[in-house]
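Colleague: I have a new model open and would like to learn how to read it. Can you take me through it feature by feature?

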Amino acid sequence: MDIFSGLILGFSTATTASNFLYCFLGVLLGTAVGVLPGLGPIATISMLLPFTFGLPVDTALIMLAGIFYGSQYGGSTTAILMNLPGEASSVVTTLDGHEMAKQGKAGRALAAAAIGSFFAGTVGTLFIAISAPLLASFALTFGPAEYFSLIVLGLITSMVLASGSLLTAFGMALLGIILGMIGTDINSGAARYTFGSPNLLDGLDFVVVATGIFGLGDVLANLENERGRVAGVAAVSSLFPTREDWGRMFAPILRGTGLGVLLGVLPGAGVLLASFSAYALEKKVSRRPEEFGKGAIEGVAAPEAANNAAAQTCFIPMLTLGLPGTATMALMIGALVVQGVQPGPEILSQQPALFWGLVVSMWLGNLMLLFLNLPLVGMWAKLISVPYHFLFPVICVFIAIGVYSINNNVFDVYLMALFGVLGYFFKKLGAEPAPLILAMILGPMAEEYLRRTLLISHGDATVFLTSPLSLGTLVVAGLLLLSIVSPRFRRVREEGLQEAD
Amino acid sequence: MKLSQDVLLGLFFTVIGAVSALIATHYPFGTSSRMGPGYFPIIVSGLLVVTGLLVLLRARLASSEPLPVIGWKPLVIVPAAIVIFGLVIEPLGLPLAVLLLTILSATTSVKFRLDWRAFAGSLVFAAFCSVLFVELLGLPVPIVGNWLQAVGSY
């Protein structure tokens, strides 16, 4: 199927009344929950997951994608108005975005973010439409060795981009792999780490763990500094960028989009990397680098464009290889599996309506965001200022119901409580959970691909180095590891990541 | 050695790694060309033990961040409230479970006062959740739990 007939199929799928409606609902709910301070995309998606359960697969996926964009965009609104980044990738948005808000230019900062995001979203969607079919057919030629190396690259990228030390991140990833091994071993049928409990035979539900660590863990951490929470929300006045703003943000949006599209495909943590590098790039090429950090509109437009472009293109490894690039994508895979869909290269040939419907609704979702967010910004600002002591019991209830409804099993609720406590301690111990989450879903895949590789090669591990693609991937992974030793990269990493906490 | 972030984290990694390696020794290890169910767990757990020991060593060599203050009250009450939610959702039904979870978790806030407003608010919220999740979204959660049904049938 060529791209045009694909897109037409996609349009006919995405614009059926119910799919369109659920896309809209997803974007609206995603933004509404995403603007709430302290709720990143992972917590937002897991809270809103039950809303997709009764739906047909394509509608559910479209709505999930809508929730994902909405929560991303809601996160930047909170970052600009309140100086509270919902997740690491919107940290850079706070630097200039909140500075602009303090100068009374909140509306223009929000508009710059919205326009940048929309443009980037459009380009990102086109990029998916063009490259995903190519990559998917290419991916069908991948053997287990290539897959294993790609997984290693993904895990290493997520470790390098985690805040805190590399050693800690490595430990967290290993811990995630062990958690992923709980349950029945698909190859031998042996029950591993189940402690005799039938509830563990199917393994830990990934959504339950992510909800516990990110949803409940964040609540527990936020409750601690409840008194210290700043409740100042900047007022929003004029939403229209001035002629000068347009001139200043045009090129940065283009550059940010380019960077984001390319980096988003990288397994690991492309979205985060995209927004940081876009900001760094703008600061470098700008004629007014001294304005950065003091409310430069370029510093909002470029990272937001990069952020959103990467958020689109990070669907590519997930849809074509079945490998999640970020913790959020891992959660999306978890949600798809709940729906009975196994992402991978076959998805495009076996369920073309699902794939193209998703691609088109991504673009529609971005369009809706543009028209939804700017007019409704007053409402979002009100939502942001809801005091936390009203908010957190509601969050607890929603995540508890959400987790229970995945399997209608109270065991998942207890598990979520346990992982909430663990998530809190990880935060206290300076250990970022993102590598753990990613490793939990990638670990079992890594084991399976390793097993197949070694079975084919009769136990000879050098195949990882003799396959050119696998070798190339491992070299990139090695370079990434080496780069962290370089003092210059180290400094940038520390500067960029420490504020993410 | 003083308790610091790294000491605790190192201990945590080492203990989890050691326990999981110990359990994995009961699974057939296999050979490299035919990995048994114990092959991968032993390697990963072994690496985790080494990582844990390295983190401990790092704590020994350089002073790591001291342990931050732990807010025990929310840390105990909120997860306990969620466990209680799990315990009562099937026997008592969704509205009562929501009501309990809302009020119990809210008590951890410094701003919480148990007055009629808090109670009325959680009552409305419990009703809202029941309508939203059970009536509108059709989740198979009981509104009236099986204990209450049993009581009602007498």
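Colleague: What distance separates the centres of domain 1 of chain B and domain 2 of chain B, taken over C-alpha atoms?

Modeller: Keep in mind that this is a predicted model. The domain bounds come from an automatic or database assignment. Here chain B splits into domain 1 (5–61) and domain 2 (72–153). Over C-alpha atoms, their centres are 40 Å apart.

Colleague: What mean pLDDT do the chains have?

Modeller: Read pLDDT as the predictor's confidence in each residue, from 0 to 100. Chain A averages 85, with 94% of the residues at 70 or above. Chain B has a mean of 88, and 97% of its residues reach 70 or more. For the complex, the predictor gives an ipTM of 0.93 and a pTM of 0.88.

Colleague: Which element of chain A has the lowest mean pLDDT, and which the highest?

Modeller: Helix α23 (residues 487–498) of chain A is lowest, at 63. The highest is α8(A), at 95.

Colleague: How do I check a helix for span and burial?

Modeller: Compare its end-to-end reach with the span expected at 1.5 Å a residue. Then count its buried residues, those with 20 or more other C-beta atoms within 10 Å. Take helix α16 (residues 352–373) of chain A: its 22 residues reach 31 Å, close to the expected 32 Å.

Colleague: Why is α16(A) described as largely enclosed by the rest of the structure?

Modeller: Because 17 of its 22 residues are buried. Now try helix α12 (residues 298–313) of chain A. The 16 residues of α12(A) reach 22 Å, close to the 22 Å expected. α12(A) is mostly covered, with 16 of 16 residues buried.

Colleague: Which residues of chain B does UniProt list as "transmembrane region"?

Modeller: Treat such a label as an annotation that may be inferred. The unreviewed UniProt entry lists 7–27, 39–57, 69–88, 94–112 and 119–139 of chain B. Check them against the model. Residues 39–57 of chain B are 100% helix and 0% strand, with end C-alpha atoms 27 Å apart. Residues 119–139 of chain B are 86% helix and 0% strand, and the end C-alpha atoms lie 25 Å apart.

Notes. Residues numbered from 1 in each chain as written. Chains lettered and ligands numbered in written order. Predicted model: local features only at pLDDT ≥ 70, side-chain atom pairs only at ≥ 80, totals over all residues. Helix = DSSP H or I, 4+ residues; strand = E, 2+ residues; numbered from the N terminus. Buried ≥ 20, exposed ≤ 12 C-beta atoms within 10 Å, placed from the backbone.
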